[in-house]
Amino acid sequence: MATSEGAGDHVQEATVEEPLDLVRLCLDEKIYVKMRHDRELTGTLFAYDQHLNMILGDVHETITVTEVDSETYEEMYKETKRTIPMLFVRGDGVILISPPTRA
Amino acid sequence: MLFYSFFKSLVGKEIVVELKNDMSLHGTLDSVDQYLNMKLLDIAVTDAEKFPHMLAVKNIFIRGSVIRYVHLPAEEVDVQQLQDASRRDAEQAKHSTKTGAAAAAAAGKGQPTKDTRPDQSDKVAAS
Amino acid sequence: MSAPTSTLDAFYGKKVLIITNDGRTLVGSFQGYDQTINVVLTDSSERVYSSHQGIQTVPLGAYMVRGDNIAIVGEVNEEEDAQLDFDAIKAEPLRHIVH
């Protein structure tokens with residue numbers, strides 16, 4: 001526990017005043033990122049900036065494609081998965097970031 | 001600035017750039033700027049069957065805004081240094097936005113009167 | 001290392017290929033650019049790709065392409081380009097850049 005008189009790093013670690021502080025607390029943690037165009041990522045957060053540009057390690061990406069059956073008009077969801085060891089993600093595609101869920 | 005500096009440290013290394021049109025190119029990073037525009041040398045398209053558009057093209061300029069991902073050589077990435085830099089930048093950004101906001105508020109006080117002045121003089125002239 | 005935009009200087013007078021955000025491929029002689037990456041081409045043409053026939057070339061003349069709509073500018077190796085068999089190259093048109 002850092003006290004309010006604590007200086008430097010301690011204050012930074014303890015305070016959550018704005019949304020990006022929450023992202024800072026995710027550094028070195030496994031996070032979930034929802035991206036535009038039905039892409040989802042999980043990976044370890046190594047770097048970020050105010051645009052939500054990020055570098056993630058050991059990334060698992062899931063792309064969901066919706067296909068409509070031409071005869072039954074039923075919607076089919078097709079998932080494509082891949083893994084990338086180290087990935088830079090441009091922030092303009094990011095919708096949300098979620099910290100690791102603890103069981 | 002963090003990612004600009006980071007990519008500068010990767011100059012000369014092989015990277016894979018994935019664009020927002022699903023095209024993926026690999027090549028040697030030659031230069032990068034503040035917008036994360038990149039120049040790559042000796043490129044090849046990952047799926048040349050599907051994208052034969054750049055068969056006779058070796059050196060390219062890529063606009064930063066069309067990049068979706070960059071696949072990085074993991075062994076060239078110092079993750080500890082990146083985390084330290086992210087914390088440092090977050091701290092710095094906070095201070096600069098606070099002082100920046102104060103400066104903007106102060107500037108804002110003077111602004112409206114300045115803007116309405118020509119308007120008023122027009123009315124006077126018209127009447 | 002110099003900035004990528006200033007290294008567009010290396011393209012002056014050369015044959016370049018531009019891929020636009022709407023998936024078009026333009027080829028022409030690189031005459032100039034500015035800080036927003038607006039680019040001027042002369043003797044330009046569009047290369048139209050199709051999955052059922054070879055590349056069609058449509059002459060366009062002098063073009064100024066707005067930077068916002070440019071994805072890639074590439075230097076064309078003219079010798080290699082001349083070796084390409086346009087009639088044999090078939091491909092789906094490129095997808096648009098979707099932000």
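**View 1. C:Asp22 is partly exposed, with a relative accessible area of 34%.** This is a predicted model. C:Asp22 meets C:Arg24 in a side-chain salt bridge, with N and O 3.4 Å apart. C:Arg24 is also partly exposed, at a relative accessible area of 41%.

View 2. Over all chains, the rule counts 22 salt bridges. One of them links A:Glu61 to A:Arg39, with the closest N and O atoms 2.9 Å apart. A:Glu61 sits in strand β3 of chain A (residues 54–68) and A:Arg39 in strand β2 of chain A (residues 39–48), so the pair ties together parts 22 residues apart in sequence. A:Glu61 counts as buried, at 1% relative accessibility. A:Arg39 counts as buried too, at 8%.

**View 3. A:Arg39 forms a salt bridge with B:Glu18.** The closest N and O atoms of this pair are 3.9 Å apart. The pair crosses between chains: A:Arg39 belongs to strand β2 of chain A, B:Glu18 to strand β1 of chain B (residues 14–19). B:Glu18 has 5% relative accessibility and counts as buried.

**View 4. Chain C meets chain B through 39 residues of chain C and 31 of chain B.** Between them the two chains bury about 2,800 Å², with 64% of that area on carbon and sulfur atoms. Three salt bridges cross the interface of chain C and chain B. B:Asp22 and C:Arg95 form a salt bridge, their closest N and O atoms 3.4 Å apart. On the side of chain C that touches chain B, the elements giving two or more residues are β1 (15–20), β5 (70–76) and α1 (78–83) of chain C. β5(C) gives the most, with seven residues. The residues on this side of chain C divide into 21 nonpolar, eleven polar and seven charged.

**View 5. Strand β4 of chain B pairs with β5(C).** Five bridges join strand β4 of chain B (residues 57–62) to β5(C). The two strands run antiparallel. B:Asn59 stands opposite C:Glu75 in β5(C).

**View 6. Within chain C, β3(C) pairs with β2(C) and with β4(C).** Seven bridges join β2 (residues 25–33) to β3 (residues 39–48) of chain C, and these strands run antiparallel. C:Tyr33 has C:Val39 in β3(C) as its bridge partner. The hairpin of β2(C) and β3(C) has five residues between the strands, and C:Ile37 takes a positive phi near 65 degrees there. Eight bridges join β3(C) to strand β4 of chain C (residues 56–65), again antiparallel. C:Val39 stands opposite C:Val65 in β4(C).

**View 7. C:Ser29 lies in strand β2 of chain C.** C:Ser29 has 18% relative accessibility, so it counts as buried. The side chain of C:Ser29 makes a polar contact of 2.9 Å with the side chain of C:Gln31. Neighbours within four places in sequence aside, C:Ser29 is in contact with C:Gly13, C:Lys14, C:Val40, C:Leu41 and C:Thr42.

Note on methods
Residues numbered from 1 in each chain as written. Chains lettered and ligands numbered in written order. Predicted model: local features only at pLDDT ≥ 70, side-chain atom pairs only at ≥ 80, totals over all residues. Heavy atoms only, no water. Contact = heavy atoms within 4.5 Å. Buried area = accessible area lost by both parts, 1.4 Å probe. Salt bridge = Lys/Arg side-chain N within 4 Å of Asp/Glu carboxyl O. Helix = DSSP H or I, 4+ residues; strand = E, 2+ residues; numbered from the N terminus. Nonpolar A, V, L, I, M, F, W, Y, C, P; charged D, E, K, R; others polar. Pairing = 2+ DSSP bridges. Buried < 20%, exposed > 50% of the residue type's maximum accessible area, 1.4 Å probe, protein only. Polar contact = N/O pair within 3.5 Å; in protein donor to acceptor, adjacent residues only side chain to side chain.
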